[in-house]
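Subject: Structure handover

Hi,

Here is the structure I promised to pass on. Please open it and keep it on screen while you read my notes below.

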Amino acid sequence: MSGQDVPHDALRYLIALKAKDVFGVSCIALQEVPAMAAGEPRALLRRADLVLVTEMAPYPYVRVIEVKTRAEDVWKAFEQIQWFKEKGLANYYFVALPKKECDEKLHWYGEFYNRNIGLIVIDARPTHSGLEADVEIRVKPNFEIRRTDWDELYRELEKQGKHRLVERLRNTVGKTPVG
């Protein structure tokens, strides 16, 4: 099994597993989190592929990650992320790709910088006990202020008993960590 043959769900799991190594802080990983803008029809529901929420106090960060298995799907990921960015639901946005796809097919990262979207590269390989991966951030996005509460994300965190984290998330909408 080569890097690009790793299924989408396995890549997503590996990123969640390595989140502390990649971002340097403890994260809660949630998969396929529903998102809707207030007042919009349910038909406009989107799902964030992977959401990482840092538990660091007093300012928790929300990261949305769209995982793709082929470089050709980067534009679809950009469209999905743009929807989340327009709603102001997270502080950081990323596209994740297998290393081989990235190295062979993405020769220019300018569009990531232009859109303020990060690039995560996953080098997954089989081992005797399953899959192992190196995960790196190749393009680091700049911080964005969350402008909107994300009620479905809060519900998922509440189910895990993270009431204080949800309260901190609600209190940080529209604010920066230093402001």
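What share of the contacts in the protein with a separation of 6 or more comes from residues 24 or more positions apart? The share is 65%. Bear in mind that this is a predicted model.

**Overall build**

The protein has seven helices and six strands. Along the sequence, they follow the pattern α-α-β-β-β-α-β-α-α-β-β-α-α. The radius of gyration is 16 Å, close to the 16 Å that the globule rule gives for 179 residues, so the protein is as compact as a globular protein of that length. Along the principal axes, the C-alpha atoms fill a box of roughly 45 × 35 × 35 Å. Of the 179 residues, 47% are buried. The accessible surface is about 9,100 Å². Carbon and sulfur atoms hold 48% of that surface.

**The sheet**

Start with a general point. Strands in a sheet pair through backbone hydrogen bonds, and the pairing can be parallel or antiparallel.

Here, six strands form an open sheet with mixed pairing. Their order is β1-β2-β3-β4-β5-β6.

**Strand by strand**

Now walk across the sheet from β2.

- β2 (residues 46-54) and β3 run antiparallel, joined by four bridges. Leu52 stands opposite Arg63 in β3.
- β3 and β4 (residues 92-98) run parallel, joined by five bridges. Val64 has Tyr93 in β4 as its bridge partner.
- β4 and β5 (residues 118-127) also pair in the parallel sense, over five bridges. Ala96 has Ile120 in β5 as its bridge partner.
- β5 and β6 (residues 130-139) pair in the antiparallel sense, over nine bridges.

**A look at β3**

How many of the six residues of β3 are buried? Six of the six are, across residues 62-67, and the strand is mostly covered. Val62, Val64 and Glu66 point one way from β3. Arg63, Ile65 and Val67 point the other way. Both sets are buried, and that includes Glu66 and Arg63.

Which strands does α3 touch? α3 packs on the sheet and touches β1, β2, β3 and β4. Its direction makes about 165° with that of β4. Helix α3 covers residues 74-87. Together, β3, α3 and β4 make a right-handed β-α-β unit. Trace that one on screen: go along β3, then α3, then β4.

Helix α6 (residues 151-159) lies across β1, β2 and β3. Its direction runs at about 135° to β1.

**Where to begin**

Best wishes

Notes. Residues numbered from 1 in each chain as written. Predicted model: local features only at pLDDT ≥ 70, side-chain atom pairs only at ≥ 80, totals over all residues. Heavy atoms only, no water. Buried < 20%, exposed > 50% of the residue type's maximum accessible area, 1.4 Å probe, protein only. Helix = DSSP H or I, 4+ residues; strand = E, 2+ residues; numbered from the N terminus. Pairing = 2+ DSSP bridges. Right-handed = clockwise from strand over helix to strand, strands pointing away. Rg over C-alpha atoms; globule rule 2.2 N^0.38 Å. Contact = heavy atoms within 4.5 Å. Areas by Shrake-Rupley, 256 points an atom, 1.4 Å probe, with all protein chains shown as cover. Axes fitted to C-alpha atoms, helices over the stretch in contact; angles between N-to-C directions.
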